[in-house]
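Thanks for coming, everyone. Let me put the sequence and the structure up, and then we'll walk through them.

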Amino acid sequence: MNTPESLPASLRTASLGLVLAVLTILFGQGLGIVFGLNEDAIKGRMKASASKVRDSVYKGDDAALKAVLDKSWVYMQRAHLHAGGMGTTALVLIVLV
């Protein structure tokens, strides 16, 4: 007759997944902290990079340049949110399964 494993034994089996899930959550939180502390510096660096190619890539169109910069910042924020959400989801699913 098979006896069910205890919770600690079950979690030990899934330890690699648990570690990766927690690291993903920490990565997401780290991104949030970096973004919160350095938002102006990050945006300034992106703007400086975009300004270098303003004429060649954006054909002098400041509206297009601003749209790309704004969308870039949104994508960076999404990375932070997705890392937190995926890590938390993975952690919960590992514990449930």
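One definition before we start. Buried means under 20% relative accessible area, exposed means over 50%, and partly exposed is in between. Take Arg54: its relative accessibility is 29%, so Arg54 counts as partly exposed. Keep in mind that this is a predicted model.

Let's stay with Arg54. Its partner is Asp62, and the two form a salt bridge. The closest N and O atoms are 2.7 Å apart. Asp62 is partly exposed too, because its relative accessibility is 46%.

How many salt bridges does a search of the whole structure find? Four. Let's go through two more of them.

Next, Lys43 and Glu39. Here the closest N and O atoms of the salt bridge are 2.9 Å apart. Why about one helical turn between Lys43 and Glu39? Because they sit four residues apart in helix α2. The general rule is that an α-helix has 3.6 residues a turn, so residues three or four places apart point the same way. Lys43 has 34% relative accessibility, so Lys43 counts as partly exposed. Glu39, at 31%, is also partly exposed.

Now helix α3. Asp70 and Lys66 meet through their side chains in a salt bridge, 2.8 Å from N to O. Again the separation is about one helical turn, because the two are four residues apart in α3. Asp70 comes out as partly exposed, at 41% relative accessibility.

On to the aromatic rings. The count is one aromatic pair. Phe35 and Trp73 make that pair, and it is tilted. The centres are 5.4 Å apart, with 55° between the planes. Where do the two residues sit? Phe35 is in helix α2, and Trp73 is in helix α3, which covers residues 62-96. They are 38 residues apart, so the pair links distant parts of the chain. Buried or exposed, these two? Both Phe35 and Trp73 are buried.

Among the buried residues of α3 are Leu65, Leu69, Trp73, Ala83, Gly84 and Gly87. What covers the buried residues of α3 includes α2.

A quick check on α3 itself. The helix has 35 residues, and at 1.5 Å a residue it should span 51 Å. Its end C-alpha atoms are 51 Å apart, which agrees.

Stay on α3 and find Leu91. Its relative accessible area is 26%, so Leu91 is partly exposed. Which residues does Leu91 touch, leaving out those up to four places away in sequence? Leu18, Ala21, Val22 and Ile25. Look at Ala21 in particular. Leu91 and Ala21 are 70 residues apart in sequence, yet 5.5 Å apart in space, C-alpha to C-alpha.

Val22 is our last stop. It is found in helix α2, residues 15-52. Val22 is partly exposed, because its relative accessibility is 38%. Val22 also belongs to a nonpolar patch on the surface. The patch is formed by Leu16, Val19, Leu20, Val22, Leu23 and Leu26. Together they have about 570 Å² of accessible area.

To recap: four salt bridges, one aromatic pair, and a nonpolar patch on the surface. That's my tour.

Terms used
Residues numbered from 1 in each chain as written. Predicted model: local features only at pLDDT ≥ 70, side-chain atom pairs only at ≥ 80, totals over all residues. Heavy atoms only, no water. Patch = residues over 30% accessible without salt bridge, like charges linked within 9 Å, V, L, I, M, F, W, Y side chains within 5 Å. Areas by Shrake-Rupley, 256 points an atom, 1.4 Å probe, with all protein chains shown as cover. Buried < 20%, exposed > 50% of the residue type's maximum accessible area, 1.4 Å probe, protein only. Phe/Tyr/Trp six-rings, centres within 6.5 Å; stacked < 30°, edge-to-face > 60°. Contact = heavy atoms within 4.5 Å. Expected span 1.5 Å × (residues − 1).
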